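Here's a quick briefing on a few local features worth a look.

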Amino acid sequence: MNICSYTLEEFIERVQSLHGFAAPGVVIGGLMVDLAKQHLPEEGLFNAVSETAKCLPDAIQLLTSCTVGNGWLTVINIGRYALTLYEKSSGGGIRVFLDPAKVEAWPEIKNWLFKLKPKKEQNLELLMKQIKEAGARICGIQHVTVALHLLEKKHRGDIVQCPRCNEAYPGDDGEICLACQGEYPYIVSEIPDIRGASHAGEESSC
Ligand SMILES: [Zn+2]
């Protein structure tokens, strides 16, 4: 089995180095990107949409030149395990999704997709085995046209300096930056000693 220009083993290694571990969701995502690419012309500029923030964006970033950072990958977090690769100017593209009817034949993949078992009880080995067996047969495919105007990044005005925190922010956000307006996920305190901190052993969401 190949995933784009990689063997499955090479792809799993790449997943490990980007994602931290060989997450089955990213491996499935790789199959999905590969399937979408097979239905698109080799030439052309393609952008991507992921319908979930979990795992799939990493598969897209590993296998295409679309990243969240360069703006060619848009994550619309509607929670479906699906992605679309589309032609930049026309919006015409291919949407690949996990088809529950097809997944039915692979019980461990079904357990994973529908979260039927707590993560601790998942049989990772069996899951990976079924992913290898199933390949892209668990996927459905659709021709779609992306509503490009919905994905346009809105211009948020000139960049100005916030009178409260003194940092730069888009002026259309208001008199002070959004962080100073309270949309701030942390409390700033003394610089803590974070040396030695790691994600090892942490519960992952995928
Ligand atoms: Zn501010």
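V188 is exposed, with a relative accessible area of 61%; exposed means over 50%, buried under 20% and partly exposed in between, with a 1.4 Å probe and protein chains only. This is a predicted model, so local features need pLDDT of at least 70 and side-chain atom pairs pLDDT 80 or more, while totals for chains, interfaces and linings use all residues. Numbering starts from 1 along each chain as its sequence is written, and side-chain values use heavy atoms, leaving out hydrogens and water.

**Surface patch**
- V188 sits in the segment after β9 (168-170); strands are DSSP runs of E, at least two residues, numbered from the N terminus.
- Together with Y184 and Y186, V188 makes a nonpolar surface patch of about 350 Å².
- Patch residues have over 30% relative accessible area and no salt bridge, and nonpolar side chains are joined within 5 Å.
- A salt bridge here is a Lys or Arg side-chain nitrogen within 4 Å of an Asp or Glu carboxyl oxygen.

**Positive phi**
- C4, in the loop between β1 (2-3) and β2 (6-7), has phi near 50°, a positive value in a non-glycine residue.
- C4 is partly exposed, at 22% relative accessible area.
- N166 isn't a glycine either, yet its phi is positive at about 70°; N166 lies in the loop between β8 (159-161) and β9.

Conventions. Patch = residues over 30% accessible without salt bridge, like charges linked within 9 Å, V, L, I, M, F, W, Y side chains within 5 Å. Areas by Shrake-Rupley, 256 points an atom, 1.4 Å probe, with all protein chains shown as cover. Helix = DSSP H or I, 4+ residues; strand = E, 2+ residues; numbered from the N terminus.
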